[in-house]
Amino acid sequence: MSDDQRRAELSRFLRARRQRLSPEEAGLPHAERTRRRTKGLRREEVAALAGISLPWYTMLEQGKEINVSDQVLDSLARALRLNADERMHLMYLANPRAIELRAKPSDDRPAVPPSLTYLLDHMPLVPAYISDEKLNVLAWNPLASAVFGSFESANRRERNMLWRLFMMPSSRSLFVDWDLVAGSLLGHFRAMYTMHIEDVCYRSFIDELKEGSPEFAVWWDNYEVACISQNRREIAHPRVGKLNLETKLLRIEDSRDRYLNVFIPDPNDGSALRLAKLAEETSVSITT
């Protein structure tokens, strides 16, 4: 990411977070909450809450080239009520040289090593797939296709989990709490996008989603950032009924931002039995 790109992204992030936070949430006195025309907090209010000067904060939010200390960023994070993911996002955008970036292996490595496809094939009772930083599904086991919809017959776009959630009605209807799932994946995607903002493939993909999904366009502009590695998926499966799955997202070492996604069924509500039934049906259909 170039410095200009990073500063522009920092400007968008700070403005979005400032406009999101209400005076009440920020703890401002009642007298300062009345007769407001500004959505969220004013710049001077953020500056005062963070203990920094208004001109300095204004330059930072406008994307000007200024040096920022970790202490000042901590103060801003507290003033804007940022969570841990948002704080790390702020740190990376404002002072990337203070963040130890992972070394990337050379591009001549295979997308998914044979050892990992072997691992997927030998996980017959849990859906699992490997994804990249753009949420593209690169490899999967048969049960993952049986649960989430065929990856084999999908085109390149349809093998992206964010695309599936916002652009494919069949995938959207699969998740009982669609908005929570979509929000979680979008937050993860946004954090990855910031790390690779110079990648033009991101920009074209985002533009396609914004054009095709009004919800995505609104949510993208809301600028939520979250890197959630563990949460639950409640699925209304058309063949076996309700599946409660616990998500495990595991970074694959020595890879180019590859992740192993594993979905573990609830052993107490019948999900494990229903998933085992689906696995058996899938195995029979493959062998026949």
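Predicted model: local features only at pLDDT ≥ 70, side-chain atom pairs only at ≥ 80, totals over all residues.

Residues are numbered from 1 along each chain as its sequence is written, and side-chain values use heavy atoms, with hydrogens and water left out.

**The sheet**
- Five strands, in the order S2-S1-S5-S4-S3, form an open sheet with antiparallel pairing.
- Strand S2 (137-140) and strand S3 (232-237) are the edge strands, each pairing on one side only.
- On average, neighbouring strands of this sheet are turned by 30° against each other, direction ignored.
- Strands (E, at least two residues) and helices (H or I, at least four residues) are DSSP runs numbered from the N terminus, and two strands pair if DSSP finds at least two bridges between them.

**Strand pairings**
- S3 and strand S4 (residues 241-251) run antiparallel and are joined by 6 bridges.
- These two strands, S3 and S4, form a hairpin with 3 residues between them.
- Glu234 has Asn244 in S4 as its bridge partner, and Ile235 has Leu243 in S4.
- S4 also pairs with S5 in the antiparallel sense, over 7 bridges.
- Thr247 stands opposite Phe263 in S5.

**Helices on the sheet**
- Helix H7 (residues 114-121) lies across strand S1 (128-131), S2 and strand S5 (259-265), and runs at about 155° to S1.
- Helix H11 (residues 178-195) packs on the sheet and touches S3, S4 and S5, its direction making about 130° with that of S3.
- Contact means heavy atoms within 4.5 Å; axes are lines fitted to C-alpha atoms, for helices over the stretch in contact, and angles run from 0 to 180 degrees between N-to-C directions.
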